[in-house]
Amino acid sequence: MDEQVFKRRTKKLALRVIELVEALPKTRSAEVIGRQLLRSATSVGANYRAACRGKSTADVLSKLAIVEEEGDETGYWLELLIEAGIVPQSQLADLLKETNEIVAMIVASIKTLRRRK
């Protein structure tokens, strides 16, 4: 996938999560999970952009590992929202699918870079 397309995709993920978090119920648990979700989801795109500016293969790999971690964490918080009954699974299925696809693509990129190294 083209770098610019992937940047747009990670930014769209962040924007969708921002919208979701703003719509969460105003309960203590939803606010705590929402804050964590917001932090991790917005970090995915920010760290991907940083990886694109990496100064060496090792630097890029290090930054992509952060993208992978933040993406995986985003999936975790989405799953918690579902399993805690805060948001219906049907409402988050597409967002969770997109998150998992982004993580899978980052993992594939990391593997490719490691093979080339």
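This report describes helix packing, the nonpolar core and selected residues in a predicted model.

## Model and conventions

The model is predicted: local features need pLDDT of at least 70, side-chain atom pairs count only at pLDDT 80 or more, and totals for chains, interfaces and linings use all residues. Residues are numbered from 1 along each chain as its sequence is written, and side-chain values use heavy atoms, with hydrogens and water left out.

Helices (H or I, at least four residues) and strands (E, at least two) are DSSP runs, numbered from the N terminus.

## Packing of H1 and H2

The axes of H1 and H2 come within 9 Å and cross at roughly 165°. Axes are lines fitted to C-alpha atoms, for helices over the stretch in contact, and angles run from 0 to 180 degrees between N-to-C directions. The crossing angle makes H1 roughly antiparallel to H2; angles under 35 degrees count as roughly parallel, over 145 as roughly antiparallel, 65 to 115 as roughly perpendicular and the rest as oblique. H1 passes H2 in a left-handed crossing, a term used if the near helix is turned anticlockwise from the far one by less than a right angle, with clockwise giving right-handed.

Contact means heavy atoms within 4.5 Å. On the H1 side, the residues in contact include Phe6, Ala14, Val17, Ile18 and Leu20; on the H2 side, they include Leu37, Leu38, Thr42, Val44 and Tyr48. By class, the residues of the contact of H1 with H2 divide into 12 nonpolar, four polar and four charged. Ala, Val, Leu, Ile, Met, Phe, Trp, Tyr, Cys and Pro count as nonpolar, Asp, Glu, Lys and Arg as charged, and the others, Gly among them, as polar.

Ile18 lies in helix H1 and counts as partly exposed at 36% relative accessibility. Buried means under 20% relative accessible area, exposed over 50%, and partly exposed in between (1.4 Å probe, protein chains only). Leaving aside neighbours within four places in sequence, Ile18 is in contact with Leu38 and Thr42. The C-alpha atoms of Ile18 and Val32 are separated by 14 Å, at 14 residues apart along the chain.

## Packing of H3 and H4

Helix H3 (residues 57-83) and helix H4 (residues 89-116) have axes that come within 9 Å and cross at roughly 160°. That angle makes H3 roughly antiparallel to H4. The crossing of H3 and H4 is left-handed, and their contact has 16 nonpolar, seven polar and four charged residues.

## Nonpolar core

A nonpolar core is a set of buried Ala, Val, Leu, Ile, Met, Phe, Trp, Tyr and Cys residues joined through side-chain atoms within 4.5 Å. The largest one has 29 residues, of which Leu20, Leu24, Leu37, Leu81 and Leu92 touch the most other members. The elements giving two or more residues to this core are helix H1 (3-23), helix H2 (28-52), H3 and H4. H3 supplies the largest share, eight residues.

Apart from neighbours within four places in sequence, Leu92 is in contact with Leu20, Leu78, Leu81, Ile82 and Val87.

Glu98 is in helix H4 and counts as buried at 14% relative accessibility. Not counting residues up to four places away in sequence, Glu98 touches Arg9, Leu13 and Arg16.

Glu69 of helix H3 counts as exposed at 53% relative accessibility. Lys63, also found in helix H3, is partly exposed, with a relative accessible area of 23%. Beyond four places in sequence, Lys63 is in contact with Asn47, Ala50 and Ala51.
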